[in-house]
Amino acid sequence: MPAATSRKIIVDVDRAQHGDRQAFGRLYYEYCDTVYRYIFYRVGGKATAEDLTSETFLRALRRIGTFTWQGRDFGAWLVTIARNLVADHFKSSRFRLEVTTGEMLNAIEVERSTEDLVMESLSTVALLRALQQLPDRMREVTWYWATGTPVATIARDLGIAPATVRVHLHQARLRLASDPNLADAHMPAQARGSDR
């Protein structure tokens, strides 16, 4: 059992494994934001991230009896489930047939201009492509960090030194900062037009 895991989490996991739905609910509230952020930064869409987050916790509830600590945090187990669901999502024929036109606007959101939506979409696509070009371990460290995971937790979960995590993050920042597609995606429309 990881030393950083709180006693409250350990007790809730044990109770959830014995059928206590309220304990599982507390685990949900503890880890929901982390799982959602992890998925959102991979799929880039709010509705899809919400669906996959729900599916992650549904699978976790069904499989809670199979969870063992094995030196990792309960959150890492949830992220593993989420990672598999994201991979399945990108492999599915439904994803290949989707037309990415952006998220449907919520009724309470202020409508944005078409140019803003297009630029946001281009920025997201450019960022995802740039991240996919990073070496596997560097990309994995960067995703963990983007979801708000502390360096020490990333190091523990991936079995590497905290200094190695910092090196990967530094190198990822340098590579992303030098990617011309990212610079172009964030440039105002007038500036892009003047360069051509």
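**Close-up views of a predicted helical chain**

View 1. Contact here means heavy atoms within 4.5 Å. The model is a predicted one, in which local features need pLDDT of at least 70 and side-chain atom pairs count only at pLDDT 80 or more, while totals for chains, interfaces and linings use all residues. Residue numbers start from 1 along each chain as its sequence is written, and side-chain values use heavy atoms, with hydrogens and water left out.

**View 2. The whole chain.** The chain has 11 helices and zero strands. Both are DSSP runs numbered from the N terminus: H or I over at least four residues for helices, and E over at least two for strands. Of the 196 residues in the chain, 34% are buried. Buried means under 20% relative accessible area, exposed means over 50%, and partly exposed is in between, with a 1.4 Å probe and protein chains only. Among contacts between residues at least 6 apart in sequence, 58% join residues at least 24 apart.

**View 3. The largest nonpolar core.** This core holds 36 residues, of which L27, I39, F74, W77 and L78 touch the most other members. Two or more residues come from each of α1 (7-17), α2, α3, α4 (74-91), α7 (136-146), α8 (151-158) and α9 (162-177). The most come from α2, which gives nine residues. Another core lies apart from this one and has seven residues, among them A130, L131, L134 and L176. A nonpolar core is a set of buried Ala, Val, Leu, Ile, Met, Phe, Trp, Tyr and Cys residues joined through side-chain atoms within 4.5 Å. In soluble globular proteins, nonpolar side chains tend to be buried together.

**View 4. Helix α2, with a kink centred on Y31.** The helix covers residues 21-43, and the kink is about 50 degrees. The bend at a residue is the angle between axes fitted to the seven residues ending there and the seven starting there. At the N-terminal end, D20 caps α2 with a side-chain oxygen 2.9 Å from the backbone nitrogen of Q22. Buried residues of α2 are A23, F24, L27, Y31, C32, V35, Y38, I39, R42 and V43. Just after the helix, G44 has a positive phi of about 75 degrees.

**View 5. T53, T48 and E55 in helix α3.** T53 is buried, at a relative accessible area of 4%. The T53 side chain reaches the backbone oxygen of A49 at 2.7 Å. Not counting residues up to four places away in sequence, T53 touches C32, V35, Y36 and I39. E55, at 24% relative accessibility, counts as partly exposed. Leaving aside neighbours within four places in sequence, E55 is in contact with R62 and L85. The C-alpha atoms of E55 and L85 are separated by 8.0 Å, and the two residues are 30 apart along the chain.

**View 6. I64 in the loop between α3 and α4.** I64 counts as buried, at 6% relative accessibility. With residues up to four places away in sequence not counted, I64 touches A16, Q17, F24, F74 and W77. Between I64 and H18, 46 residues apart along the chain, the C-alpha separation is 9.0 Å.

**View 7. Helices α7 and α9 where they meet.** The axes of the two helices come within 9 Å and cross at roughly 95 degrees. Axes are lines fitted to C-alpha atoms, for helices over the stretch in contact, with angles from 0 to 180 degrees between N-to-C directions. The helices α7 and α9 are therefore roughly perpendicular to each other. Angles of 65 to 115 degrees count as roughly perpendicular, under 35 as roughly parallel, over 145 as roughly antiparallel, and the rest as oblique. On the α7 side the contact is made by R137, M138, V141, T142 and W145, and on the α9 side by V165, H168, L169, Q171, A172, R173 and R175.

**View 8. L169 of helix α9.** L169 is buried, with a relative accessible area of 5%. Residues touched by L169, not counting those up to four places away in sequence, are V141, T142, W145 and V151. L169 and V151 are 18 residues apart in sequence and 9.6 Å apart in space, C-alpha to C-alpha.

Conventions: Polar contact = N/O pair within 3.5 Å; in protein donor to acceptor, adjacent residues only side chain to side chain.
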